[in-house]
Amino acid sequence: MKTKQVYKKRETLMGWAFVLPFLILFTVFIIYPVVQGVWVSLNDWSLMGRLRFIGLGNYQKMLGDKNFWEALQHTCLFVVFCVPLVVILSLVLALLANRKTRFRRFLRTSFYLPGILSVSVASYVAQYTFAPYRGLINGILESLGAVTTKTEPLWLQDPKLVWATIVFMTGWWTLGFPMLLYLSALQDISPEIMEAAEVDGANARQRLFQITLPLLKRTIYLVIMLQVIASFKVFGQIRLITKGGPANKTRPLIMYIYQQAFDKNKLGYAAAMSYALFLILIVCTIVQLKLQKGDD
């Protein structure tokens, strides 16, 4: 009996010995910054001076800040357009890449390839592609006679076109990873199911909508959740392509937080807005998990 107790204690100590390094690092680099950030959001702090406790003052200021609501509106607009584009287009590409053809490896590689680019490289490609007068898109349109030098669209200067440019660039750049998730789920579907459906007379459309898509529900929910979180945190490509312009018409919430923290040294206010965004992401995730649970 004592031998078993000693053995169990030794196993427990061994388990803690393996887990403890991770717990220490997780606490130091994740838990402590989160707790410290909450405290900073309750203070007026300019990085150089002392923290001056103001309670919920930063949150009250945030509720009355029209620039905050404008940046949040821009972010939500990006989410509404970018998430469906990435979710649907990556699924279509995965279906194409899963077909048994001699070009299957080439398709998978070419679809995933943009995803290995850094945000700076992808943004430079977008700037060159959509640049006025010398850009690739306008050059093609001019060669086809669709536009002239005087009537060509200003993709990065027109407030109505710049969002379409950013959404298109982000979709092209980020399709690779969700496409791989879909592709992995497609390969887990048993071929016998499709063969049985085909024998029963189901055509390709019926097999897609009545078998494939229902079996991909969990993956679709996962991709939607990941894309919503990533889209709410959009920053790099907008800062590099438009710098939030023209006239702050493309400034997302993360960029406004960045400007308040590092350009104006209002770290307490920036921390408060960060936790507001954190709360929005938690609510979106909970709602999606509830919908998924109800659908299951």
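**Close-up views of the structure**

**View 1. P246 sits in the loop between α12 (236-241) and α13 (253-263).** This is a predicted model, in which local features need a pLDDT of at least 70 and side-chain atom pairs count only at pLDDT 80 or more, while totals for chains, interfaces and linings use all residues. Residues are numbered from 1 along each chain as its sequence is written, and side-chain values use heavy atoms, leaving out hydrogens and water. Most peptide bonds are trans.

**View 2. K243 and N248 have positive phi values.** Phi is near 55° for K243, which is not a glycine. N248 is not a glycine either, and its phi is about 65°. Most residues other than glycine have a negative phi. Is K243 buried or exposed? Its relative accessibility is 61%, so K243 counts as exposed (over 50% is exposed, under 20% is buried and anything in between is partly exposed, with a 1.4 Å probe and protein chains only). N248, at 31%, is partly exposed.

**View 3. D44 and R52 form a salt bridge.** Zoom in on these two side chains, and you will see that the closest N and O atoms are 2.9 Å apart. A salt bridge here is a side-chain nitrogen of Lys or Arg within 4 Å of a carboxyl oxygen of Asp or Glu. How many salt bridges does the structure hold? The count is one. D44 has a relative accessibility of 36%, so it is partly exposed.

**View 4. A126 is buried in helix α5.** The helix runs over residues 119-129. The relative accessible area of A126 is 5%. Which residues does A126 touch, leaving aside those up to four places away in sequence? They are M169 and I241, where a contact means heavy atoms within 4.5 Å. F168 is another residue to look for: it is 42 residues from A126 along the chain, and the two C-alpha atoms are separated by 9.1 Å.

**View 5. L279 is an exposed residue of helix α14.** This helix covers residues 267-295. L279 has a relative accessibility of 53%, so it counts as exposed. Now try finding S143 from here: S143 and L279 are 136 residues apart in sequence, and their C-alpha atoms are 49 Å apart in space.

**View 6. Stepping back, the protein has 14 helices and two strands.** Its radius of gyration is 25 Å, well over the 19 Å that the globule rule gives for 296 residues, so the protein is more spread out than a compact globule. The radius is taken over C-alpha atoms, and the rule is 2.2 Å times the number of residues to the power 0.38. Along the principal axes, the C-alpha trace spans about 75 × 65 × 35 Å. What share of the 296 residues is buried? The share is 36%. Take the contacts between residues at least 6 apart in sequence, and 64% of them join residues at least 24 apart.

Definitions and conventions. Helix = DSSP H or I, 4+ residues; strand = E, 2+ residues; numbered from the N terminus.
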